[in-house]
Amino acid sequence: MDAEITLRVDGQRRTLSVDTRTTLLDALRERMGVTSPKKGCDHGQCGACTVLLDGRRATSCLTFAVANDDSEVVTAEGLAEDERPHPVQQAFLDNDGFQCGYCTPGQICSAVGMLDEVKAGWPSHVTEDLDEPPELDDEEIRERMSGNLCRCGAYANIVSAIREAAE
Amino acid sequence: MTDVSNSGKLGEPLERLDGPAKVTGTARYAFEQPVDDPLYLHPLQADIARGRVVRIDTSPAEALSGVHTVLTHENAESLSSRVDVELAVLQSPEIGYRGQVIGAVVADTQEIAAHAAGLVEVTYERHPHDTVFRSDDEIVYTPDGSNPMIGEDLDRGDVDEALAAAEYAVDATYTTPAEYNNPMEPHATIAVWESAELTLYDSNQGSYTVRDMIAPTLGMDPQRVHVFAPHVGGGFGSKGVPHAHVMLAALAARKLEGRPVKCALSRRQMFSLVGYRPPTRQRVRLGADSAGRLTATEHSALEQTARVKEYAEQSASAARNMYVSANRRITNELAVLDVPVPTWMRAPGEAGGMYALETAMDEMALTCGVDPVEFRVRNEPERAPESGLPFSSRNLVSCLRQGAEMFGWNDRDPEPGVRRENGWLSGTGVAAATFPSFSIPGSKATIGYEPGGYYRVEIGAVDLGTGSRTALSQIAAEALEVPVEAVRLHLGSTEQPRASIAGGSSGTASWGSTIVQAAREFRAEHGAEPAEGAETTAEAAANPAAGEYAMNAYGAQFAEVAVNADSGEIRVPRMLGVFAAGRIVNARTARSQFLGGMTMGLSMALHEHGVLDGRFGHVVNHDLAGYHVAGNADVGSVEVSWLDEHDPHVNPMGIKGIGEIGIVGVAAAIGNAARHATGIRVRELPLTPEKFLI
């Protein structure tokens, strides 16, 4: 069964007809040619497909496209403005926070979403004082970024990049 | 902020040239190459571990709208070569392991293909299978040699006599489990068949390797097979040779000529179709004299292999040359089972073998009452023990000494189990690392001078994320004596001159030597101010020093661990690796290579364990939820350092490979630190909590 949906992807309004079994990730990658979000596991276990969905980080392989009619999707490609990298992207470049690059767009969307969550005062598993705004130390960054696997093992550089971008 | 230098001088931390494309996600990997009107292929896999397909009913699948074909052994074309059983897909109904490819659905969309795959009905004739790794005589044999061309077992002196006479002795058995490469980009290929030419957009570690293996299997002139791997999302060995899915896509594309066929394996399919590090069981016996000098070394390794195709991991090979020992016995055996085919995984042989040897070295140091750093220093050989050749350079002692200084090792209290704070026991450990400095001859590079004043450098190499695109540009710039901005490097396909595989940490050395040679010949032919259009293609000469020196990189791994006294949870707050790996081409990307290897080593030490169910022959935890690889919160401080090493013999640049040595020794350093923390010696990877609750 197909359904017509409209998405705003990286600022562009796109209307398309999708198989109702199609995930948001596959709609982006295979139907719309938006390949910045990556497919690493298709089970929400690796985070490579992370995008900002209506402003919040989400694994786009775990949601059907048809369930996201009228949604706003921002990928790592859309974070860069006028060819200028987003501060988080610049920090990943400066700290070599990646090697193969396949988890990277997801890491970056996840970091951008995560920094907003911290700004909004959301606690994490390692936040000790739930009454105070969380302080973004390395332990908080590591915990909050653990939904994004990196097999090249760039975590130490990813933490440095995010710490730098947060400053 | 890290300093960014764009002078391109060798050693400087030039920013990754593909960095901007990677942080935006605009770097296109194999499955993302734009093709018109593609079809999608979904592999069908055997549900039994051994037997044969007696009936495969594809009609319900073929009846589904949008399905173009269902390939099976009944309708697949007969292949020209069946030498490689992984590539000789669908040639018979026989099943040699669970997960083996028995067919493929090709449809208009991924959703339809996956749906149709579930409609195919397979009837099997089941044969008894054997999938449990063990040392029983009936499944154990000695291979003719082991990866990558290591010869027969070694037996020098009289190990048994030396052990009997030794002042101190250690006899211990270590086990490592099946570990899965799991690059973040799943193995994927797009096959396009047009006018009797096959084009593959493929995720691999060498486009020429793929062409060389696929062309004869299909009975094709290799010139008619074009392979492109512009960006590769990691491989760690599993993309070293093409696997079954590449053949499936090629066969489907040939059958359905006109439409490209896309195939990306799922994470689960990867656990049976693209290889893994085989489980090992290793016995190490060491003897030492009263001065703490080794007199006997025995390393007997047993690894798993597949009945359908032999892979002989070389777990015991590092012990051939690591330390002094007048008496030495090295044996390697395989246990053959009805299991998926193992393959290379980052530092095959050394990663598992040095876990055993370096844990045994720690045990022996404690037995002798000598500090583990000092014990290794005392057993440093002057020449390579097996061949008697001098080392081209060997700076293990300096790595150990410098690491000990940086890590604060020298103030260490050797007493185990006494540092306890808030319920956590802490300790520190050390291990040595080594990896051979391989160079593969036969690569070619072309250099041309282009309008606009830049140098076009072409070589069919590949960048898996290692940074070779950037490092080779720096090497070309230095060899041509121009700024790196004046170099435009093209790699990643068979459209460029032939290049060797990205494997065995040989890439930068092999391809870099080729580029240096091409630059020299270009300058000799065209001078310092070449005319536009000037072009030279060259092949690097074989290294004249090969066979005259033993060539290896070395390193020292230090780890601090904390083990929870109540739960057994083990954490690694701090690691330090100090390496002696020749000249470093790019300080930024090299650091990431070492860091990545060490992080994967931590993952190997603490988490990774493919659990095979002997009743059914499948890996139970076959995804990234069940098979845990280190996540961000698992990793603490990781410090990387290296010596300024000048090796005049390895190659014209003086560089050694660095992609693998970072993982070597890490698991031993962590295990040794856990012993120091708790007093408990665990000899079985991974170091999971229950092993510390005794």
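The model is predicted: local features need pLDDT of at least 70, side-chain atom pairs count only at pLDDT 80 or more, and totals for chains, interfaces and linings use all residues. Residues are numbered from 1 along each chain as its sequence is written, and chains are lettered from A, with ligands numbered from 1, in the order in which they are written.

**Stop 1: where the chains meet**

Start by showing both chains. Here 50 residues of chain B are in contact with 50 residues of chain A (contact means C-beta atoms, placed from the backbone, within 7 Å). Now select helix 1 (19-24), helix 3 (110-117) and helix 13 (587-606) of chain B, the elements that give two or more residues to the side of chain B that touches chain A. Helices here are DSSP runs of H or I with at least four residues, strands are runs of E with at least two, and both are numbered from the N terminus. Which helix gives the largest share of that side? Helix 13 of chain B does, with seven residues.

**Stop 2: two helices in chain A**

Next, select helix 3 (87-94) of chain A together with helix 4 (residues 104-119) of chain A. Their axes come within 9 Å and cross at roughly 130 degrees; axes are lines fitted to C-alpha atoms over the stretch in contact, and angles run from 0 to 180 degrees between N-to-C directions. To see who meets whom, show Val88(A), Gln89(A) and Phe92(A) in helix 3 of chain A, which meet Thr104(A), Ile108(A), Ala111(A) and Val112(A) in helix 4 of chain A.

**Stop 3: two residues with positive phi**

Most residues other than glycine have a negative phi. Go to Asp82(A), where phi is near 50 degrees, in the loop between helix 2 (76-79) and helix 3 of chain A. Is Asp82(A) buried or exposed? It counts as exposed, because it has 4 C-beta neighbours inside 10 Å (exposed means 12 or fewer, buried 20 or more, partly exposed in between, with C-beta atoms placed from the backbone).

Then move to Ala196(B), with phi near 60 degrees, in the loop between strand 10 (188-194) and strand 11 (197-202) of chain B. Ala196(B) has 10 such neighbours inside 10 Å, so it also counts as exposed.

**Stop 4: two cis peptide bonds**

Finish in chain B. Select Asn147(B) and Pro148(B), joined by a cis peptide bond with omega about -10 degrees. Pro148(B) sits in the loop between strand 7 (140-141) and strand 8 (154-156) of chain B. Then select Leu685(B) and Pro686(B): the peptide bond from Leu685(B) to Pro686(B) is cis, with omega near -5 degrees. Pro686(B) lies in the segment after helix 14 (666-678) of chain B.

Methods. Two residues are in contact if their C-beta atoms, placed from the backbone, lie within 7 Å.
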